[in-house]
Amino acid sequence: MKKIARFEKVSFDQFKKDWIDTFNSHDNIEEIYDSIILPKRATMYSAGYDFFSPLTFTLKPNETIKIPTGIKAFMEPGWVLKCYPRSGLGFKYRLQLNNTVGIIDGDYYNNENNEGHIFAKITNDSNESKTLSIEKGQGFIQGIFVEFGITIDDESSQIRKGGFGSTSKK
């Protein structure tokens, strides 16, 4: 198998800024940061790298949470990280990423504005009245590295300066 990527924690300053912005809380940020687990595959033939929740949370049907994972991903050129709910959570609770599939481009890593901090905004889309509970340290989404190509006449030369939606800004 090709080894083309590496997961890292974002800096404490980046995590602290994003955590406070997301949850409006200064409580235990250093402890939360110190307990972040880098994504891992569960078995030697797993395609997906499990992302582990930095907090315990509960989602009733139709509730949403945005989670700063504390993770960034370096990738060799020509690769993308695609993020999905973990299969079992999608099956049991209809857990959904709000953008359906998270696309983490290689140039998101250490970009000018946010180090490439990966967030997950998820919704319990259960139509069976099931409440989802995730414990701190439990896998909740998975990322899969995928190789991609570009068109023969591609002339893109823009440099990323931010995160979500930044590639459409001129």
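**Terms and their cut-offs**

Tutor: Lys3 lies in the segment before strand 1 (5-9); helices (H or I, at least four residues) and strands (E, at least two) are DSSP runs, numbered from the N terminus. This is a predicted model, in which local features need pLDDT of at least 70, side-chain atom pairs count only at pLDDT 80 or more, and totals for chains, interfaces and linings use all residues. Residues are numbered from 1 along each chain as its sequence is written, and side-chain values use heavy atoms, with hydrogens and water left out.

Student: Why is Lys3 called exposed?

Tutor: Buried means under 20% relative accessible area, exposed over 50%, and partly exposed in between (1.4 Å probe, protein chains only). Lys3 has a relative accessible area of 82%, so Lys3 is exposed.

Student: What makes Glu8 and Lys72 a salt bridge?

Tutor: The term requires a side-chain nitrogen of Lys or Arg within 4 Å of a carboxyl oxygen of Asp or Glu. The closest N and O atoms of Glu8 and Lys72 are 3.8 Å apart, and the pair therefore qualifies. Glu8 lies in strand 1 and Lys72 in strand 4 (residues 64-75), so the pair ties together parts that are 64 residues apart in sequence.

Student: How do you know that Lys72 is buried?

Tutor: Its relative accessibility is 7%, and therefore Lys72 counts as buried.
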